[in-house]
Amino acid sequence: VVIAAADSQYIEEYIRSRHLTAMVVDDTLTVRKLMERVLLKMGFARVECYENGSKGLEAMMAQQVDIVFSDVQMPIMTGPEMVARFRTHEQQLLLSQHRSSRQLIVAVTANGAQ
C-alpha cells in the first residue's frame, strides 16, 4: 500500500484527533513490535499486542478498540478462527444492543501467497 505524503498527513491528523486505539495479534515478536511502532507513529493513542489468537480473542471480548490487525497463521488459534469466534460473540452483543457496530478487523500476513 502506497500513501501519498499529503494523504498520510491527513490520515495521521484524523487518527490523532480521534484518539483511536488499535490491537495487533501476531505470533512473531518482531512483527508485533514493528506494527506497534508504526501505529503509534501514525498517531494511535494506544496499541495493544497479543501473541496468539486465543489471547487476542480474550482481549477483544474484554475491550473494544477501533481496529484490530491480526496475523492469519498462528499457533494455538489462527486469525480466521479468532475472528469467527469473535463474530459469534459480537452478534450477541449487537442483538442485545450492548454494541452498535461491528469490529473492524484487518488480516495481515507475511506470506504473500495468502
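Mentor: With accessibility: a residue is buried under 20% relative accessible area, exposed over 50% and partly exposed in between, using a 1.4 Å probe and protein chains only. This is a predicted model, where local features need pLDDT of at least 70, side-chain atom pairs count only at pLDDT 80 or more, and totals for chains, interfaces and linings use all residues. Residues are numbered from 1 along each chain as its sequence is written, and side-chain values use heavy atoms, with hydrogens and water left out.

Trainee: Is Ala107 buried or exposed?

Mentor: Ala107 counts as exposed because its relative accessibility is 60%. Ala107 lies in strand S4 (residues 105-108); strands are DSSP runs of E, at least two residues, and helices are runs of H or I, at least four, numbered from the N terminus.

Trainee: Which residues of H3 are buried?

Mentor: In general, an α-helix has 3.6 residues a turn, so residues three or four places apart point the same way. In H3, Gly53, Gly56, Leu57, Ala59 and Met60 are buried. They fall within an arc of 165° down the axis, so they line one face of the helix; the arc is taken from the directions from the helix axis to the C-beta atoms. Glu58 and Ala62, on the other side of H3, are exposed.

Trainee: What do the buried residues of H3 pack against?

Mentor: Contact means heavy atoms within 4.5 Å. The partners are strands S1 (21-25), S2 (46-50) and S3 (67-71), together with H4 and S4.
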